Amino acid sequence: MAQVPNDVPHQTTERVPVVELFQPGKVVHVCAPMVRYSKLPFRALVRRYGCDLAFTPMIIAESFVKSLKARDSEFTTNAADRPLVVQFAARDGVTFADAAEIVAPYSDGVDLNCGCPQRWAMAEGYGSCLLKNPELLTDMVRQARARVSDENFSVSVKIRLHKDLRETVDMCQKAERAGVSWVAVHGRTPSQRGEPVNNEAIALIKQSLDIPVIANGDIKNLEDVKRTQTLTGVDGVMAARGILQNPGMYAGYDQTPLQCVQDWVDISLKLGTHFTCFHHHLMYMFERVTPKSEKRVFNALTSTAAVLDYLEEHYGVSYNPDRTVNDGLPTQNGYAESDN
């Protein structure tokens, strides 16, 4: 079992009870777990633009528990990065509980990925593979819940749909009885990609549970938020590609505002973001707002300096290292070394 050290780093703050975000008449705005993209700098950015709750990218629990190098690479946070849910891909209860115990002092909850449809994940027993084994899923929830005794620490699951919706409802009800805090539902089956989201299925799940439900899929602007909530009655919505293309979407912007680009430059460079990630986020932000000829030029840039020169010349955006970002907090690892 991974041992959690007693010497919690100074940036740890009082836990935010995630379940308390779900209030009558309010739709919680969530930034989805996105591999490579929903890391600390991007979470800091979207929190400035109406995002209520942010996820880490999906982390493989087994390597996270066994390897300090994996923890250094996969999980970085600071005191302003709250409320925060850490998502894990896991295939047994002990490992999921170990991972939850490690991150509990530095986050507000953990989420079990039961929806990733990629072949490698399915082959390894992760993601959507768990939809076929609700007993294992509920055991993992119980073990994580038992390991972290703080009732304010959430244990949630993110799922896709079964072809037979009765299986999905039954699984969610079993998870609720096991102690899951809330459920996020991507309104497609694992085999579906661009098909329309099944809002009727999400509504059925919401009606069948007494815990909060979050809808995921095709959330690209506030109109989508309102429409989805009206059709399903959910307590929150979760955006992925939509918020990559427009980090200001929850604040009501139809496309990425220039100030958001400026904020991204300041936050990401202040926190030491790798060039590829820094550049790719900007490529997404410009995807719907710049002509193809301009995108070709911008996307072909190969260094941070070249990107900054381009932004200053075309948009008046520049990087000032003395400008305060992220409330002036330094980036730090969100855990101390375990004895494993």
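## Backbone geometry in the loops

A residue counts as exposed when its relative accessible area is over 50%, as buried when that value is under 20%, and as partly exposed in between. In this predicted model, Arg36 has a relative accessible area of 54% and is therefore exposed. Arg36 belongs to the loop that runs between strand E1 (28–31) and helix H1 (40–47), and its phi is near 75 degrees, a positive value in a residue other than glycine.

Asp218 also has a positive phi, near 60 degrees, and it too is a residue other than glycine. Its place is the loop between strand E9 (213–216) and helix H9 (222–232), and because its relative accessible area is 36%, Asp218 is classed as partly exposed. A further backbone feature is the cis peptide bond from Arg82 to Pro83, with omega near -5 degrees; Pro83 lies in the loop between strand E4 (76–77) and strand E5 (84–89).

## The largest pocket and His186

The largest pocket holds about 940 Å³ of space. It is lined by 31 residues, and those that lie nearest its centre are Pro33, Met34, Arg160, His186 and Ala240. Strand E10 (236–239) and helix H10 (241–245) are the elements that give two or more residues to this lining, with H10 giving the most, 3 residues. Divided by class, the lining of the largest pocket has 15 nonpolar, 8 polar and 8 charged residues.

His186, one of the residues nearest the centre of this pocket, is part of strand E8 (residues 183–186). Its relative accessibility is 10%, so His186 counts as buried. When neighbours within four places in sequence are left aside, His186 is in contact with Lys158, Ile159, Arg160, Leu161, Asn216 and Gly217; among these, Arg160 is also listed with the residues nearest the centre of the largest pocket.

## Packing of helices H11 and H12

Helix H11 (residues 258–270) and helix H12 (residues 275–286) pack at an angle of about 170 degrees, and their axes are 11 Å apart. Because of this angle, H11 is roughly antiparallel to H12. On the H11 side the contact is made by Val261, Trp264, Val265, Ser268 and Leu269, which meet Cys277, Phe278, His281, Leu282, Met285 and Phe286 in H12. By class, this contact has 9 nonpolar and 2 polar residues, with no charged residues.

## The second largest pocket

About 430 Å³ of space lies in the second largest pocket, which is lined by 20 residues, with Lys39, Pro41, Thr273, His274 and Cys277 closest to its centre. Elements that each supply at least two residues of this lining are H1, helix H3 (68–74) and H12. The lining of the second largest pocket has 7 nonpolar, 8 polar and 5 charged residues.

## Enclosed cavities

Across the whole structure, a search finds 3 cavities of 30 Å³ or more, and the largest cavity holds about 40 Å³ of space. Its lining is made up of Phe286, Thr290, Glu294, Lys295, Phe298, Asn299, Tyr310 and Tyr315. Helix H13 (292–299) and helix H14 (304–315) are the elements that give two or more residues to this lining, and the largest share, 4 residues, comes from H13. By class, the lining of the largest cavity has 4 nonpolar, 2 polar and 2 charged residues.

Notes. Residues numbered from 1 in each chain as written. Predicted model: local features only at pLDDT ≥ 70, side-chain atom pairs only at ≥ 80, totals over all residues. Heavy atoms only, no water. 1 Å grid on protein atoms, 1.4 Å probe; cavity = no way out; pocket = protein on both sides within 12 Å on 5 of 7 lines; lining within 4 Å. Points joined across faces, edges and corners; volume = space filled by probe spheres on them. Nonpolar A, V, L, I, M, F, W, Y, C, P; charged D, E, K, R; others polar. Buried < 20%, exposed > 50% of the residue type's maximum accessible area, 1.4 Å probe, protein only. Contact = heavy atoms within 4.5 Å. Axes fitted to C-alpha atoms, helices over the stretch in contact; angles between N-to-C directions. Parallel < 35°, antiparallel > 145°, perpendicular 65-115°, else oblique.
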